[in-house]
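Please work through the exercises below with the sequence and the three-dimensional structure at hand. Each task is followed by a solution in steps.

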Amino acid sequence: IIFQLIAMLAYSGGTLFDPYSNGYSFSRNFFSDLGRIEGFSGNINYIPAIFFNMSLIIAGIVFVIFYINTRNIFVEYNHMGLAMVGSLFGVLAGISLAGVGLSPADLFLPLHIVSAKWLFRCFFGASICYSIIIYRSNIFGNKYALGYLMFACSILAYIFISEFGPSPKESELSLTIQVISQKIIVLILLSAVYIQTVGLQKLRR
């Protein structure tokens, strides 16, 4: 999060429709704009790109470790099959997240788009699997299962908006819809991971 904030503060400026705008816009700039080597303004964007892309690579590695450890916990409670599938999705999501960081949009756009799409598709698969596991398990309260299921529904809604909604290139309104949707799902993702981490820590105690 700190790296992301540094990248936002240091962003060279510009949006898809307004290359002359100053700084980072929460409603007009995607997160990925921070990772561009050259901003929409035409100015070099090295410092934000380094911090942003590094944060995604680190976060991707953390998610891989997180889902491997989560699988190990639930395997102990006889949920091996579904936990394996859920963590496979989670690991692939972590790899996709790192892939977004390794492919700046202005240099490797096709790979960047593929990584971003599969990031959320894989998180959706992981969230469905673990929603079922937590619901069937007697080691967690149903509030955790409900929370994870809501997370899964949120991801599904975002997938539909990002893949079937208005193209951000159509208009500023379309751009704003896609940008705000991305920020909302990222906040939901962070909240879901935090809640699950708290639950797993209580279980370990």
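The exercises that follow concern a predicted model.

**Exercise 1. Locate Ser103, classify it as buried or exposed, and list its contacts beyond its neighbours in sequence.**

Solution. 
- Step 1: Find the segment. Ser103 belongs to the loop between helix H3 (80-102) and helix H4 (109-136).
- Step 2: Apply the cut-off. A residue is called buried under 20% relative accessible area. Ser103 has 0% relative accessibility and therefore counts as buried.
- Step 3: Set aside the neighbours within four places in sequence. Ser103 is then in contact with Phe108, Leu111, His112 and Ser115.

**Exercise 2. Describe the largest pocket by its volume, its lining and the classes of its lining residues.**

Solution. 
- Step 1: The space in the largest pocket amounts to about 1,600 Å³.
- Step 2: Its lining consists of 50 residues, and those nearest the centre are Phe30, Phe31, Ser32, Val100 and Gln182.
- Step 3: Assign the lining to elements. Two or more residues each come from helix H1 (2-10), helix H2 (46-75), H3, H4, helix H5 (142-164) and helix H6 (172-204). The largest share, nine residues, is that of H6.
- Step 4: Sort by class. The lining of the largest pocket holds 35 nonpolar, nine polar and six charged residues.

**Exercise 3. Carry out the corresponding description for the second largest pocket.**

Solution. 
- Step 1: The second largest pocket contains about 200 Å³ of space.
- Step 2: It is lined by 14 residues, with Gly147, Tyr148, Phe151, Ala192 and Ile195 closest to its centre.
- Step 3: At least two lining residues come from H5, and at least two from H6. H5 provides the largest share of this lining, seven residues.
- Step 4: By class, nine of the residues lining the second largest pocket are nonpolar, four are polar and one is charged.

**Exercise 4. How many aromatic pairs does the structure hold, and how are the rings of Tyr67 and Phe123 arranged?**

Solution. 
- Step 1: The structure contains nine aromatic pairs.
- Step 2: In the pair of Tyr67 and Phe123, the distance is 6.4 Å centre to centre and the angle between the planes is 50°, a tilted arrangement.
- Step 3: Because Tyr67 lies in helix H2 and Phe123 in helix H4, their pair ties together parts that are 56 residues apart in sequence.
- Step 4: Both Tyr67 and Phe123 are buried.
- Step 5: Phe63, Phe66, Tyr67, Phe123 and Tyr130 are linked by ring pairs into a cluster.

**Exercise 5. Which charged residues sit over the rings of Trp118 and Phe31?**

Solution. 
- Step 1: Over the face of Trp118 lies Arg121, at 4.7 Å from the ring centre.
- Step 2: Over the ring of Phe31 sits the charged end of Lys183, 4.8 Å from the ring centre.
- Step 3: Relate this to Exercise 2. Phe31 is among the residues nearest the centre of the largest pocket.

How values were computed: Residues numbered from 1 in each chain as written. Predicted model: local features only at pLDDT ≥ 70, side-chain atom pairs only at ≥ 80, totals over all residues. Heavy atoms only, no water. Helix = DSSP H or I, 4+ residues; strand = E, 2+ residues; numbered from the N terminus. Buried < 20%, exposed > 50% of the residue type's maximum accessible area, 1.4 Å probe, protein only. Contact = heavy atoms within 4.5 Å. 1 Å grid on protein atoms, 1.4 Å probe; cavity = no way out; pocket = protein on both sides within 12 Å on 5 of 7 lines; lining within 4 Å. Points joined across faces, edges and corners; volume = space filled by probe spheres on them. Nonpolar A, V, L, I, M, F, W, Y, C, P; charged D, E, K, R; others polar. Phe/Tyr/Trp six-rings, centres within 6.5 Å; stacked < 30°, edge-to-face > 60°. Lys NZ or Arg CZ within 6 Å of the ring centre and 35° of its normal.
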